[in-house]
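Biologist: Please put the model up on the screen, and I'll ask things as we go.

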Amino acid sequence: MTVNPLTYSDVPAAVVPHGVGTVFCTALWEMTWQLIQTAGITSNVFNSSGTGGNVIAFKLVMEGLKLQPCSPGFLNARDAILQADVNLYGGAHTCAIWTAFAKRGMGFSAVQGSSSNNNDQTPAFDLPPCMFSSNSSACNNQPGSCAGRS
């Protein structure tokens, strides 16, 4: 955060399109490193069958692009990536994804507003409440619990 402090809060002041895109790419960078820390790294970036976090992140973003609605906002894209994780990995990386997006202001309580307006979003830095529960029914049995994380 010292090197790159950008969060969802910075979108209103960001220049369209590149400045706004930089904020979202910062969240994707954060997600990639969360996944690398949990799954390691695939050194050959051309190996799409690799199991490292960098390959997982790439697959999640590509699948998420297919799942998001037309003219998506940041939270639509985040939710599509979360769904891609369920589709591709059974939700195994839900905790890492939520942690990364929440760190950059796209947490559970964030509100997107209109995807065509850069000034009506509400940032939030929280995880879903059920992510901290050791009770599996707290998330309606959704995979990827972060129980015990802070």
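Biologist: Let's start with arginine 104 and glutamate 30: are they buried or exposed?

Modeller: Arginine 104 is buried, and glutamate 30 is too. Buried means under 20% relative accessible area, exposed means over 50%, and partly exposed is in between, using a 1.4 Å probe and counting protein chains only. Keep in mind that this is a predicted model: local features need pLDDT of at least 70, side-chain atom pairs count only at pLDDT 80 or more, and totals for chains, interfaces and linings use all residues. Residues are numbered from 1 along each chain as its sequence is written, and side-chain values use heavy atoms, with hydrogens and water left out.

Biologist: Okay, and what do the side chains of arginine 104 and glutamate 30 form?

Modeller: They form a salt bridge, with N to O at 2.8 Å. To count as one, a side-chain nitrogen of Lys or Arg has to be within 4 Å of a carboxyl oxygen of Asp or Glu. The general idea is that side chains of opposite charge can pair when their charged atoms come close.

Biologist: Which parts of the chain does that pair tie together?

Modeller: Arginine 104 is in the segment after helix 4 (94-103) and glutamate 30 is in helix 1, so the pair ties together parts that are 74 residues apart in sequence. Helices here are DSSP runs of H or I with at least four residues, strands are runs of E with at least two, and both are numbered from the N terminus. There's also a network of salt bridges linking Glu30, Lys103 and Arg104.

Biologist: How many salt bridges does the structure hold?

Modeller: Four. One of them pairs glutamate 63 with lysine 66, where the closest N and O atoms are 3.5 Å apart. Those two are three residues apart in helix 2, so about one helical turn separates them. Glutamate 63 counts as buried because its relative accessibility is 19%, while lysine 66 is exposed at 63%.

Biologist: And which residue does arginine 78 pair with?

Modeller: Aspartate 79, with the closest N and O atoms 2.8 Å apart. Arginine 78 is buried at 6% relative accessible area, and aspartate 79 counts as partly exposed at 37%.

Biologist: Let's zoom out. How many helices and strands does the chain come to?

Modeller: Four helices and zero strands. Reading from the N terminus, the order is α-α-α-α. The chain has 150 residues, and 43% of them count as buried.

Biologist: At what angle do helix 2 and helix 3 pack?

Modeller: About 115°, with their axes 8 Å apart. In general, the angle and the distance between the axes are how two packed helices are described. The axes are lines fitted to C-alpha atoms, for helices over the stretch in contact, and angles run from 0 to 180 degrees between N-to-C directions. Helix 2 and helix 3 therefore count as roughly perpendicular. As for the cut-offs, under 35 degrees is roughly parallel, over 145 roughly antiparallel, 65 to 115 roughly perpendicular, and the rest oblique.

Biologist: What about helix 3 and helix 4, at what angle do they cross?

Modeller: Roughly 165°, and their axes come within 10 Å. They're therefore roughly antiparallel to each other.

Biologist: New topic. Where is serine 71 found?

Modeller: In the loop between helix 2 and helix 3. Serine 71 is exposed, with 58% relative accessible area. Its phi is near 50°, a positive value in a residue other than glycine.

Biologist: Which residues does a cis peptide bond join?

Modeller: Valine 16 and proline 17, with omega at about -5°. Proline 17 sits in the segment before helix 1. As background, most residues other than glycine have a negative phi, and most peptide bonds are trans.

Biologist: Last one: which residues form a nonpolar patch on the surface?

Modeller: Trp29, Trp33 and Ile41, with about 370 Å² of accessible area together. Patches are made of residues with over 30% relative accessible area and no salt bridge, joining like charges within 9 Å and nonpolar side chains (Val, Leu, Ile, Met, Phe, Trp, Tyr) within 5 Å. The areas come from the Shrake-Rupley method with a 1.4 Å probe, and for residues only the protein chains shown count as cover. Isoleucine 41 is in the loop between helix 1 (18-39) and helix 2 (53-67), and it counts as exposed at 55% relative accessibility.
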